[in-house]
Amino acid sequence: MVFYFTLASAPHLLCYVGRDKVENEDLIKWGWPEDIWFHVDAHSSAHIYLRLGQGQTIDDLTPEIIEEAAQLTKANSIAGNKLPNIKVVYTPWANLKKSADMDVGQVGFHVNKEVRSVVVDKRKNGVINALEKTRLEKYPNLEQDKADRDREETLAKKMTLVNAKETARKELVEAKKIAKERDYSLLEDSSLMTGNAGNNEDLEDDFM
């Protein structure tokens, strides 16, 4: 089971969390490149994911979006929910590292510099209550969803390549057309000059 939430600051973005640490394994395995992962630092907590739109990056997150996601992360930590000034870390899904020797639900990072953090001073019940009202429970096929996403991306890349080749072909045809027209123009100019040269000789004969 996966819980889905709608952020007031970004209702178009998908925010979701696994039911338990076992399910978190599937979320880690079948995450998308557009996903941003949130977790309470130094404490156990749910893994909160925020799915951005294509072309967006972690730099596109607004302070309002970060606050909502961080509040939701804090609220889903038994220890973190009770403590003030807890730190929530977040990073792109692609930066998550999972090795065979790690416990269930445990992750590391490929590049620590790509991990960002925000301090949540206290729980804001208004924010949490609003998020809870949007919660939906679903049983998605995460593997299939990821496969569909990758297939669509591959198709889009192929179409981009096809369009680029077609554009290049048309430009080449147009360039050849312009070059051919230029050659015809040069031939006409040359013919005209030759004709003028003959006329000059006739004029010279007349003056002699």
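**Charged pairs and sheet**

Analyst: Glu25 is partly exposed, at 22% relative accessibility; that class lies between buried, under 20% relative accessible area, and exposed, over 50% (1.4 Å probe, protein chains only). This is a predicted model, where local features need pLDDT of at least 70, side-chain atom pairs count only at pLDDT 80 or more, and totals for chains, interfaces and linings use all residues. Residues are numbered from 1 along each chain as its sequence is written, and side-chain values use heavy atoms, leaving out hydrogens and water.

User: Glad to have that! Which residue forms a salt bridge with Glu25?

Analyst: A salt bridge here is a side-chain nitrogen of Lys or Arg within 4 Å of a carboxyl oxygen of Asp or Glu. Glu25 sits in helix α1 and its partner in the loop between β6 and β7, so the pair ties together parts 73 residues apart in sequence. With the closest N and O atoms 2.9 Å apart, the partner is Lys98.

User: Which strands stand at the edges of the sheet?

Analyst: Helices (H or I, at least four residues) and strands (E, at least two) are DSSP runs, numbered from the N terminus, and two strands pair if DSSP finds at least two bridges between them. Seven strands form an open antiparallel sheet in the order β8-β5-β3-β4-β2-β1-β9. Each edge strand has a single partner, so one side of each lacks a neighbour in the sheet; these are β8 and β9.

User: And in β4, which residue is the bridge partner of Leu14?

Analyst: Strands β2 (residues 10-18) and β4 (residues 48-51) run antiparallel, joined by four bridges. In β4, the partner of Leu14 is Arg51.
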